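Hi,

Here is the structure I promised to pass on.

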Amino acid sequence: MKKTIFSILGLALTFNFSFAESDLLKTAKQYFKPLPKIFPSKENPLTPEKIKLGKILFYEKRISIDGTTSCAKCHPIEYYGTDKLPKSRGNFSKENPRNAPTVFNAAGQISEHWRGDRKDVEDQAKRALLGKGSFGAPSYQWVEEKLKEIKGYQELFKKAFPHDKNPITVDNYAKAIGAWERTLSTPSRFDEFLRGNENVLTEKEKRGLKTFISVGCVACHSGALLGGTMYQKFGIVEPYWKYTKSKKIDLGRYIVTKKEEDRYVFKVPPLRNVEMTAPYFHDGSVKSLKRAIWIMGKVQLGKDLSKTQVEDIEAFLKSLTGKLSQDIMTVPIMPK
């Protein structure tokens, strides 16, 4: 009789536990969705030839003023599209004003840069050429002449833009790089969970997901990227610099818009691969992911997250780390 009761209770407990997991998945689907395989653009249709050229141009240094700067300098693939520096260094080691966000999944965001002052990945690629802390090129014409001097690019641009009489232009350069970056989607175990594989996350990761939702992180960090789709003030409850110990107070989007409501406002960073992209925040002022989580709870939500809550959220965030494909990891041979 006891064995029968134990079995019945065991079935009941199993049923309830399974239902709870399903409830978590159902709740998660209200806030998140799986990453798309690519991030398409009507203005810049993707083709294999354009993507191939874009990947090569991502590593091209010869169009920078010092001959050593490329997109890959600030966004090295081996470090998940970031350079591990608080603030990136461009031509002649000039320090940029802010931390370099990862290039992975960047094409799925509402804009580029922390202040959202770049329309999309194509706009970012083009304007970086003249950036004083980036490529530092004196003019777009100078860049085009440099590209035309490299014989291998003549055929590559012609194949990528077959209908253009003069295919080697900075606009086509930007479109090619944008095309490749639009393929840099990095799905993870969390995407498998969202598609119904509830066993792919550990119990700690599930607790972290529950906590992430319940404490209010999803107010800003939602969607396929868990962020990147809105702007928000950094320091809603308390000044961010009180806890980040930032050396300089950044006014954020206010510098771009001159609107008072944009003071200390930044684009909400996506959390995909966040485990791999330290240091954190716009100024790279925090090295520890645990510390960054606690600070966000404090200054954005007005909550003093416990050690357990922080550790559980960290475990969940680590489930967002995607496995990089061989194609992404392979460095192309540059044209002579």
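Below is what turned up, starting with the cores and then moving to the salt bridges.

Keep in mind that this is a predicted model. The largest nonpolar core is made of 39 residues, and F32, F190, F193, L209, F212 and L317 have the most contacts inside it. At least two residues each come from α1, α8, α9, α12 and α13, and α12 gives the most, with 6.

Now the charged pairs. The count of salt bridges comes to 17. One of them joins D191 and R272, with the closest N and O atoms 2.7 Å apart. D191 sits in helix α8 and R272 in the loop between β2 and α12, so this pair ties together parts 81 residues apart in sequence. Both ends are buried: D191 has 0% relative accessibility, and R272 has 2%.

R98 and D250 also meet in a salt bridge, at 2.8 Å from N to O. That pair links loops 152 residues apart, with R98 between α3 and α4 and D250 between α10 and α11. R98 is buried at 14%, as is D250 at 10%.

E60 and R62 pair up at 2.8 Å too, but here E60 is buried at 1% while R62 is partly exposed at 35%. Finally, R115, D117 and R118 are linked in a salt-bridge network.

Cheers

Conventions: Residues are numbered from 1 along each chain as its sequence is written. This is a predicted model: local features need pLDDT of at least 70, side-chain atom pairs count only at pLDDT 80 or more; totals for chains, interfaces and linings use all residues. Side-chain values use heavy atoms; hydrogens and water are left out. A nonpolar core is a set of buried Ala, Val, Leu, Ile, Met, Phe, Trp, Tyr and Cys residues joined through side-chain atoms within 4.5 Å. Buried means under 20% relative accessible area, exposed over 50%, partly exposed in between (1.4 Å probe, protein chains only). Helices (H or I, at least four residues) and strands (E, at least two) are DSSP runs, numbered from the N terminus. A salt bridge is a side-chain nitrogen of Lys or Arg within 4 Å of a carboxyl oxygen of Asp or Glu.
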